[in-house]
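Hi,

Here is the structure I promised to pass on.

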Amino acid sequence: MEQRHLGRTGLRVSRIGLGTLTWGRGTDEHDASEQLKTFWEAGGTLVDTADVYGGGEAEYLLGQLMERLVPRRDLVVATKAGSVPHPDPGRRFDASRGHLLSALDASLARLGTDHVDLWQVHAFDPRTPLEETLQALDIAVTSGRARYVGVANFSGWQLAKAATWQLAAPGGRTPFAATQMEYSLLQRGIEREVLPAARDLGVGLLPSSPLGRGVLTGKYRGGTPADSRGASETMAPFVEPYLDDPSSRIVDALATAADGLAATPLQVALAWVRDRPGVTAPIVGARNAQQLTAALSVESLSLPDEICRALDDVSAPVHRYPDQDWSTL
């Protein structure tokens, strides 16, 4: 698998990442091991997790598999901290220095490693001064517990402010390597402010849900399959926003493009987001190794320019004042 630099850093990662959101929850140890082995054998290196995935079980599972299945040195391990497992009313995130560093130590224990390659703040915390949050990232790097740092789910102004703060004192602070945001043909909102900020500041984008929460595979075109996320009581609200009429038109256009390329909608959707400007590596989650293999088969696919333009047109986000380059509207 092709490797790409993460932002303006020397860290190279596979251009498809493996997500572990369901590990320890819907994905058991057997399926997780098959996924990781399949990913590693395909040349994949970037594995993304978080301290709250599966209540910590995702990190623990990954740690067990690195111990006996895939060498730690062959993987770029990314995790996140800042989500509150059992949030108080009104507080879902805690990015205080104390919480973040304690969470990092707990992650390292579950992962069975002395460092993570990429450590990310899971979301912006308005109750904690930003400089305190960023100091925790610097401490993690200077102490050797993290090699690179980044954020997830920061808006455009939040990312720009935080990344600029880190660049303001060269040598004294750790620049951001990455930001993780949802991005797909069905969700292009980050193109308004987040993506322009990331590209300008040299921050690599790691798209989450690059297949539109599974909708871009085309599986929902004829209804909701019984074994899909959309049929799950807990996951249905996650999928439902992308089952509306505008999304259906995008999926139909995607299916037409896939037919013309003798490819699958999954492959075309993933190739589209993988090769967008500013993107380093989409993070792909799968229920089993068979689903993951289908996603990894995109490695040999590059979309023709005319297909990209057609998909861009049918899925174009609405830009209004004062979005990026609003003066041309």
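Let me start with an arginine. A polar atom in the side chain of arginine 213 lies 2.7 Å from the backbone oxygen of phenylalanine 238. Please keep in mind that this is a predicted model.

The side chain of arginine 213 also makes a polar contact with the side chain of glutamate 182, at 2.8 Å. If you leave aside the neighbours within four places in sequence, arginine 213 is in contact with Glu182, Phe238, Val239, Pro241 and Tyr242. As for where to find it, arginine 213 is in the loop between E11 and H7. Is arginine 213 buried or exposed? Its relative accessibility is 16%, and the limit for buried is under 20%, so arginine 213 counts as buried.

Serine 209 lies between strand E11 (204-208) and helix H7 (236-239), and its phi is near 45°, a positive value in a residue other than glycine. For background, most residues other than glycine have a negative phi.

Alanine 262 is worth a look too: this residue is not a glycine, yet its phi is positive, at about 55°. You will find alanine 262 in the loop between helix H8 (245-261) and helix H9 (265-274). With a relative accessibility of 77%, where exposed means over 50%, alanine 262 counts as exposed. Arginine 213, by contrast, counts as buried.

I hope this helps you find your way around.

Best wishes

Conventions. Residues are numbered from 1 along each chain as its sequence is written. This is a predicted model: local features need pLDDT of at least 70, side-chain atom pairs count only at pLDDT 80 or more; totals for chains, interfaces and linings use all residues. Side-chain values use heavy atoms; hydrogens and water are left out. Helices (H or I, at least four residues) and strands (E, at least two) are DSSP runs, numbered from the N terminus. Buried means under 20% relative accessible area, exposed over 50%, partly exposed in between (1.4 Å probe, protein chains only). A polar contact is a pair of N or O atoms within 3.5 Å; within protein, one must be able to donate a hydrogen and the other to accept it, and residues adjacent in sequence count only if both atoms are side-chain atoms. Contact means heavy atoms within 4.5 Å.
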